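Let's take a walk through this structure together, one stop at a time. Have the sequence and the 3D view ready.

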Amino acid sequence: MGFLAIGVLAACGDRDIGLRDLRSFDRSPEEFGVVPNRPLELPETTTLPPPTPGAANRTDLNPKADAVAALGGNPGATVARGTAIPAQDAGLVSNASRFGRDAGIRAQLAQEDLAFRQRKSLFTFSLVPRDEYDAAYRAQTLDAYRWLQVYRRAGARTPTAPPEG
């Protein structure tokens with residue numbers, strides 16, 4: 001009996017609250033792990049430079065733009081964190097914040113979501129790894145087809161949608 005209690009308490013101590021199990025067990029290559037590499041370059045000196053925390057990676061200067069380009073997007077459209085809003089998005093941001101906005105909303109949502117995931121991951125122990133994300137957030141999911149019908153019955157113009165199923 002004592003071993004069972006110790007095992008339960010140990011499982012609750014440092015648990016994974018990610019709710020996502022993105023591991024693949026099919027022995028195929030990870031399609032998102034394949035990134036085109038730049039050609040190798042011989043450095044000017046073979047001594048290691050001093051570490052610079054927070055600085056850009058010397059070999060991967062702009063990973064976000066590289067990922068956007070690899071997926072077929074426009075790498076010039078990426079915006080670095082902390083920079084001004086691009087001119088083409090200023091109208092959207094202005095309209096979205098017309099009733100005011102909370103500067104700390106991201107931190108607040110991150111804190112609330114962490115607490116939510118901690119609650120939802122309390123009793124998710126399983127011998128077989130599984131993805132718990134959909135089950136945890138099911139109550140917060142909208143049924144798109146139900147709301148499409150509600151709006152159509154109310155006379156609102158709605159876009160076409162593929163058949164349900």
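This is a predicted model: local features need pLDDT of at least 70, side-chain atom pairs count only at pLDDT 80 or more; totals for chains, interfaces and linings use all residues.

Residues are numbered from 1 along each chain as its sequence is written, and side-chain values use heavy atoms, with hydrogens and water left out.

Start at Asp113, which is partly exposed with a relative accessible area of 26%. Its side chain meets that of Arg117 in a salt bridge, 3.0 Å from N to O. The term stands for a side-chain nitrogen of Lys or Arg within 4 Å of a carboxyl oxygen of Asp or Glu, and the count by this rule comes to one. Asp113 and Arg117 both belong to helix 4, four residues apart, or about one turn of the helix. Helices here are DSSP runs (H or I, at least four residues), numbered from the N terminus.

Now for the rings. Rings of Phe, Tyr and Trp (its six-membered ring) pair if their centres lie within 6.5 Å; planes under 30 degrees apart count as stacked, over 60 as edge-to-face and the rest as tilted. A search of the whole structure turns up three aromatic pairs. One of them joins Phe116 and Tyr137, a tilted pair at 4.9 Å centre to centre with 45° between the planes. Phe116 lies in helix 4 and Tyr137 in helix 5, so this pair ties together parts that are 21 residues apart in sequence. Phe116 is buried, at 12% relative accessibility, and Tyr137 is buried with a relative accessible area of 12%. Trp147 and Tyr151 make a tilted pair too, with ring centres 6.4 Å apart and planes at 50°. These two sit four residues apart in helix 6 (residues 144–153), about one helical turn. Trp147 is partly exposed at 35%, and Tyr151 is partly exposed at 48%. Back with Phe116, that ring forms one aromatic cluster with Tyr133 and Tyr137.

What is found in the loop between helix 4 (105–120) and helix 5 (133–137)? Leu127 is there, and at 78% relative accessibility this residue counts as exposed.

Conventions
Buried means under 20% relative accessible area, exposed over 50%, partly exposed in between (1.4 Å probe, protein chains only).
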